[in-house]
Amino acid sequence: MTNMLEIRWHGRGGQGAKTAALLLAEAAAAAGKHVQAFPEYGPERMGAPVVSYNRISDTPITLHSAVLSPGYVAVLDPTFIGSIDFTAGMPENGALLVNTDTPALQLRERLGLQNDSIKVYTIDATGISEANIGRPIPNTSMLGAMVAVAQVMELDDLLQDTERRLEKKFHDRPRLIQGNLAAITQAYKEVECR
Amino acid sequence: MALQEKLTKTAALTGNEAAAQAMRQIHPDVVAAYPITPQTEIVQLYSTFVNDGIVHTEYVAVESEHSALSATIGAAAAGARSMTATSSNGLAYMWEMLYIAAGLRLPIVMPVVNRALSGPINIHCDHSDTMGARDAGWIQIYSENAQEMYDNLIQAVRIAENPDIMLPVMVTMDGFIISHGMENVELLPDRAVEEFIGEYRYPYALLDIENPRTIGPLTLQDFYFEHKRAQADAVVKAKTVILKVGEEYGQLTDRSYELIESYRMEDAEYALVVLGSTAGTAKYVIDELRQDGEKYGLVKIRVCRPFPAVRLGEVLSRVTAVGVMDRADSFSGEGGPIFAEVRAALYGVSHRPHCINYIYGLGGRDIGPDLIRSAALDIKSLKDGSESDSLVRYLGVRE
Amino acid sequence: MALPDLAKKPVRFIGGHRACAGCGFPITIKIILQAAENPVIVGCATGCMEVTSTIYPYTSWECSFIHSAFENVAATVSGIEAAYTSLKRQGRIDKDITFIAFGGDGGTYDIGLQALSGALERGHKMVYVCYDNQGYMNTGIQRSSATPRGANTTTSPAGKKVPGKQQYPKDLTAIVAAHGIPYAAQSSMSHWNDLYRKAKKAFAADGPAFLNVLSTCRLGWGTAPEDTVDVADGAVQSRLWPLYEIEKGKWKLSLKPRRHYPVEKWMSMQGRFRHLFNPQKNETFIEEIQSQVDAKWEELVRRCSAET
Amino acid sequence: MTESSQTKNLLKDHVIIDKAIEPNAGWRDLPIGAVIPKGGTSRQFTTGDWRTIRPVWSPEKCIHCHRCWLYCPDMCWVSEDKKIQGVDLTNCKGCGICANVCPTKVHAIEMHPEDTKTEHTAGED
């Protein structure tokens with residue numbers, strides 16, 4: 001069970017934090033992993049800060065408790081910076097992935113991270129989404145970046161599974177599918193670490 | 001998410017999706033249901049199956065849970081395989097009809113997503129809803145995860161409709177934790193489920209109009225007791241049937257099921273007794289304790305009605321101390337419902353272990369490995385001590 | 001249809017039931033069942049009808065019958081109708097079957113109103129029959145929202161200060177009609193021809209239909225058993241219980257009593273209003289009831305003539 | 001799900017547990033769920049002994065309007081070929097509705113106290 005990844009996603013209601021966790025779980029499951037994805041449910045509606053989680057492992061996962069010390073944290077909305085402690089509970093050598101156009105080094109300074117062992121990754125997921133899909137929906141870009149950061153699976157596996165999934169949903173909109181795949185690929189490759 | 005893509009053999013599904021898929025494969029003739037958090041997704045998905053023409057089910061979007069079970073009762077008595085689903089206050093609103101479904105011996109299968117009962121209102125998991133319905137005459141099967149929810153629902157049809165049983169079955173999973181959590185689930189092919197469950201049989205179908213029957217008459221002092229005695233007998237027989245169905249299901253899937261699941265109990269000195277999703281987390285803790293050289297084991301109660309008292313007695317009589325974890329309080333002043341029943345089960349065994357109760361997780365309060373470990377270590381201290389200090393301990397509540 | 005012809009059809013509700021001597025509802029059942037051409041499946045709410053006709057192991061029903069609880073007959077029959085629809089669609093059943101739900105006024109006006117409303121809104125093809133005997137008679141004559149003003153019941157007793165039930169009955173037929181179902185009607189077991197004709201229409205309706213049928217409870221009303229039909233007739237003649245129907249939204253009066261028949265006369269036939277006459281007559285109270293009956297009648301007549 | 005030909009007559013295939021219900025039957029011998037597996041079993045239950053007065057029918061006066069047949073709550077009046085044959089007192093509770101609904105001018109039914117011997121009642125030949 002030592003190989004189990006735990007991920008926490010921060011977003012706003014309606015922004016896709018829950019979907020990002022579900023997409024990652026589905027892709028990882030398709031790649032043969034044991035997965036969990038679960039949101040933290042409250043009465044919040046659109047716009048409120050929300051959190052969701054993943055567990056991903058090579059062996060079956062029996063834990064059904066909250067993720068308290070995620071090795072990986074993803075932040076879908078840059079406007080959270082300064083208002084939420086993303087690193088809460090993160091262990092040594094954890095990795096923080098933020099959707100922002102701020103370079104990673106600058107972000108690290110802005111966040112004033114106490115723990116030097118935590119790696120900070122940035123990706124302009126909103127910009128990548130706009131460029132490739134034509135809409136500022138960052139979750140597939142963030143998915144690509146997170147797969148790279150946490151080394152969940154090979155990029156090709158992720159692309160294959162996502163394509164299959166999107167084809168079911170958007171079979172009449174091939175450009176949308178290609179745009180999402182391009183966004184995933186770009187985010188996977190461009191994610192920056194400091 | 002498109003539904004068809006979920007039809008592969010293994011999929012990542014939420015508990016609610018797994019339940020809806022099981023229902024789709026069971027393919028009831030009638031589903032009458034009312035939405036309630038956290039069950040809502042099940043009825044949403046099912047109505048999508050109906051409106052997409054994937055199932056031939058007649059979907060009755062009733063105006064309340066009372067009517068949901070009433071319509072399901074009517075449909076089952078008419079001669080149609082019928083299902084509903086609910087949670088929490090919805091189950092409470094069905095209360096009267098729960099007893100009637102069981103008393104009329106209608107083999108209805110109902111997923112129940114465990115949620116705390118009001119008040120105060122809370123939408124998260126505990127077992128107060130189904131624990132309160134233990135004596136309604138339904139068979140109760142608790143699921144640890146989404147896979148078990150799926151497996152249990154399919155087996156429930158066979159159990160309910162067995163001619164010796166003919167009782168309704170509720171299959172539960174923990175609200176949000178399982179219902180909204182996505183996990184790997186292995187699905188059977190549709191055809192395999194169809195063959196496993198067979199055709200619906202109710203001997204007194206109302207729609208068999210050439211043979212008019214009266215269902216639900218008034219029975220008085222001269223007959224009511226006999227009807228109830230027969231009902232009690234069916235519950236006893238259900239133990240054998242559940243085992244048989246669980247074994248047969250194992251041949252189909254490599255996942256066989258019993259009344260209880262013993263985890264690392266072979267040489268255990270201490271045991272936890274748990275239901276539902278917490279059993280999974282507790283297994284993780286047991287593994288850790290075993291790594292530390294501590295002889296702990298776990299007993300998961302899968303079937304709560306009929307209550308597996310004899311099996312529990314056999315398994316638990318070998319240990320020194322037992323911690324019974326209840327995700328509901330019975331407000332008896334003497335601990336939770338499972339505690340009372342486990343202790344009663346231990347009365348008849350020659351070597352009675354110490355037995356203590358941990359009430360935990362009410363209203364969805366998280367139960368993590370640390371809390372379970374603290375309870376596990378706590379029962380070890382009972383070894384030489386007396387039980388005179390509080391037998392009922394609240395785990396994870398602020399003092 | 002002449003009565004002797006009606007008697008040629010086998011009756012699907014038989015004797016040996018244990019309703020009071022002179023009970024009204026068996027007459028209601030008989031007239032309605034004689035009007036059904038198809039095989040019928042009957043659902044019944046808890047109440048006198050269910051309790052007295054199905055005392056195990058005896059049943060007075062010659063057709064398929066189910067009772068499950070008090071407030072849910074509309075939902076129970078919804079399920080049966082859904083089962084029928086499903087099996088028919090699957091080709092597993094081919095007969096035409098008629099579904100009837102019987103409920104008393106307690107099970108219909110009060111505790112069962114939600115289930116009734118739900119079933120009507122969903123559009124199940126069933127005929128819901130309220131056998132309205134104006135109170136909870138099964139449990140010992142308690143008031144319901146169908147009990148007329150002034151009636152003495154065990155929960156609206158004629159006391160020293162309060163002379164029986166204070167409220168006027170709920171206009172259930174209008175409430176039901178407001179669901180926009182294809183057919184709703186008010187009838188009385190005293191007017192068999194009217195009831196028979198309306199039952200026929202109800203069975204033929206393309207969707208849910210509703211019959212609100214006044215059915216005397218001689219025990220609860222305090223009348224002699226032989227007067228069961230007469231006292232129901234009095235309610236119709238006095239215009240307290242008008243006979244009308246609402247067909248596809250069109251309101252139509254079925255009967256316009258010719259002579260003036262004061263409500264007082266109908267009330268004086270019944271023990272439940274005795275306190276309004278003895279030891280002295282409560283003129284103001286009775287007059288007020290009369291004027292309410294008149295106002296309701298005029299409103300109904302306006303509504304019906306506006307429609308034609 | 002494919003519709004096999006066997007499922008067509010599913011309702012016909014039901015196993016009917018059609019035991020007669022004995023008054024002293026043990027719990028194993030009763031149909032499940034308190035179902036009464038046959039219609040009209042109240043035929044075996046007699047309510048005639050509730051009666052203190054009985055209807056006496058005069059066939060010569062009867063015009064066979066069938067109002068008695070219709071308004072009898074206990075289905076006692078026997079009709080054959082559109083003619084009233086008499087009253088079967090097995091379940092007659094003596095309510096007197098029949099005598100009351102018999103048209104005044106016809107007056108073919110009278111209520112008599114139970115202790116008087118009467119003729120012209122069906123099934124009493």
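Pro120(B) sits in the loop of chain B that runs between β6 (109-114) and α6 (128-132); helices (H or I, at least four residues) and strands (E, at least two) are DSSP runs, numbered from the N terminus. Gly119(B) is linked to Pro120(B) by a cis peptide bond, with omega about 0 degrees. The model is predicted: local features need pLDDT of at least 70, side-chain atom pairs count only at pLDDT 80 or more, and totals for chains, interfaces and linings use all residues. Residues are numbered from 1 along each chain as its sequence is written, chains are lettered from A and ligands numbered from 1 in the order in which they are written, and side-chain values use heavy atoms, with hydrogens and water left out.

Chain B also has a cis bond from Thr37(B) to Pro38(B), where omega is near 0 degrees. Here the proline, Pro38(B), belongs to the loop between β2 (30-33) and α2 (40-51).

Most residues other than glycine have a negative phi, and most peptide bonds are trans. In chain D, attention turns to phi. His66(D), which is not a glycine, has a positive phi of about 70 degrees. This histidine, His66(D), lies in the loop between β1 (53-57) and α3 (67-71) of chain D. With a relative accessibility of 1%, His66(D) counts as buried, a term that means under 20% relative accessible area, whereas exposed means over 50% (1.4 Å probe, protein chains only).

Asp81(D), likewise not a glycine, has a positive phi near 45 degrees. Asp81(D) is exposed, its relative accessible area being 71%.
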